[in-house]
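Please look through the structure shown here before reading on. The paragraphs that follow go from one part of the fold to the next.

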Amino acid sequence: MTESPGGSEHVPSRDRRRFPGISSRSYEHPADRSALVALRKLSGFDTVFKTLSGLLPERSLRLMFLSDSVRVSDQQFQHLNDMLRDACYILDLEKVPPMYVNQDPQPNAMCIGLDEPIIVVTTGLVELLDEEEMRAVVGHEVGHALSGHAVYRTILLFLTNLAMKVAWIPLGNVAIMAIVTALREWFRKSELSADRAGLLVGQDLQASMRGLMKLAGGNHLHEMNVDAFLKQADEYESGGDLRDSVLKILNLLPRSHPFTTVRAAELKKWAASRDYQRIMDGHYPHRDEDKDTSVSDSFRDSAAHYADSVRNSKDPLMGLVRDIAGGAGDLGGKLRDTVFRGGSRGEGPGSANGSGEAKGGPDAS
């Protein structure tokens, strides 16, 4: 590949900027980053999980995909192989992970593995997305690999399997599901990180938006509209009362991915941020500085992000949290109005929250 003026590298379709030595910290969601920094700092953490490799079905998974899927190469799914190598080149991932196409009509993708990551995409996903949309998904998975998410994703798969097998043991199942629930909460944030990596690889926000819309509504782009899709995220986040807030939490708990409209809104917001522009201008953390990363700074960033989310959220439950934190008077009346009369944050019976800026980002991981 040849370098063009301005630091961009020529890859298929058009020029895209490359990010030599980029650290995954540059695109990681604050909650994802703080958890990863803490885990990486734990003495012996890697050794513990390497030891677990004897228990985890990683070898079985690798053999299964090798024997019953199609390995991407110059001879098979060449266009995907080109995308994979380009994504690794743009994010400067030295070793290109193996990639497989698995026969499954459900659009999905994942990056798993303890020793070395492998990427799997389903035929449903390949058939659904166009070239630029697929490029964003491949970049998404390479972002998982660069962040080291594959290890924790593999553990999550293993524990979810284990929870089903020991469901008849009440205490054992409760203990495992507590860990699974915590891992899912982290993994949902890691998906937002990987969406950002996909944008850095594809460098086409509209393609990323189209891909997310297709995951929600299928291959009917002529029937869909990005602005209307993003408006759904705003309506989801700001509408309803406390009962709806609780239902949102219950709906989200069993999922490993955030809801698609939320992912789209989160990605659009990040694309408009100064952080994204600085990366595109070539100013970003480098991975050779990762060892000097402060755990406390990362936790502060994460705490600041959650505080900002609560402060700016239009969700009625978050409004109640703000009122409690602010020592609001007549809290009982606000709660009564919100739950039983459909009021929002004490604005009076029957009143609804005004629409606001959307917060928030196939089930492709």
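This is a predicted model. Strand 5 and strand 6, the latter made of residues 118–122, are paired in the antiparallel sense, and four bridges connect them. Two of the residue pairs can be named. Ala 109 stands opposite Val 121 in strand 6, and Met 110 has Val 120 of strand 6 as its bridge partner.

Which order do the strands of the open sheet take? The sheet has four strands in the order 3-4-6-5, and their pairing is mixed. Strand 3 is joined to strand 4 by two bridges, and these strands run antiparallel. Here Val 70 has Val 101 in strand 4 as its bridge partner. Strand 4 and strand 6, in contrast, run parallel and are joined by four bridges. Met 99 stands opposite Ile 119 in strand 6.

Why is one side of strand 3 and of strand 5 left without a neighbour in the sheet? Strand 3 (70–71) and strand 5 (109–112) stand at the edges and have a single partner strand each, so one side of each lacks a neighbour in the sheet.

The loop between helix 4 (78–90) and strand 4 contains Asp 92. The phi of Asp 92 is positive, near 60 degrees, although the residue is not a glycine. With a relative accessible area of 19%, Asp 92 counts as buried, because the cut-off is under 20%.

Thr 154 is located in helix 7 (residues 149–165). Its relative accessibility is 3%, so Thr 154 counts as buried. Thr 154 and Pro 117 are 37 residues apart along the chain, and their C-alpha atoms are separated by 9.6 Å. Ser 190 is part of helix 8 (residues 170–202). At 0% relative accessibility, Ser 190 is also counted as buried. Which residues is Ser 190 in contact with, leaving aside its neighbours within four places in sequence? They are Asp 32, His 144 and His 149.

Between helix 8 and helix 9 there is a loop that holds Gln 203. Gln 203 is not a glycine, yet its phi is positive, at about 55 degrees. Gln 203 is buried, with a relative accessible area of 15%.

Two packed helices are described by the angle between their axes and the distance between the axes. The axes of helix 9 (residues 205–217) and helix 10 (residues 226–238) come within 11 Å and cross at roughly 65 degrees. That angle makes helix 9 roughly perpendicular to helix 10. Their crossing is left-handed. On the side of helix 9, the contact involves Gln 206, Met 209, Leu 212, Met 213 and Ala 216, which meet Val 226, Phe 229 and Leu 230 in helix 10. Seven residues of this contact are nonpolar, one is polar and none is charged.

Helix 9 also packs with helix 12 (residues 260–271), at an angle of about 170 degrees and with the axes 9 Å apart. Helix 9 and helix 12 are therefore roughly antiparallel to each other. From helix 9, the residues Leu 205, Ser 208, Met 209, Leu 212 and Ala 216 meet Thr 260, Arg 263, Ala 264, Leu 267, Lys 268 and Ala 271 in helix 12. By class, this contact has seven nonpolar, two polar and two charged residues.

Asp 234 is buried, with a relative accessible area of 8%. Between Asp 234 and Val 262 the C-alpha distance is 8.3 Å, and the two are 28 residues apart in sequence.

Technical notes. Residues numbered from 1 in each chain as written. Predicted model: local features only at pLDDT ≥ 70, side-chain atom pairs only at ≥ 80, totals over all residues. Heavy atoms only, no water. Axes fitted to C-alpha atoms, helices over the stretch in contact; angles between N-to-C directions. Parallel < 35°, antiparallel > 145°, perpendicular 65-115°, else oblique. Left-handed = near helix turned anticlockwise from the far one by under 90°. Contact = heavy atoms within 4.5 Å. Nonpolar A, V, L, I, M, F, W, Y, C, P; charged D, E, K, R; others polar. Pairing = 2+ DSSP bridges. Buried < 20%, exposed > 50% of the residue type's maximum accessible area, 1.4 Å probe, protein only.
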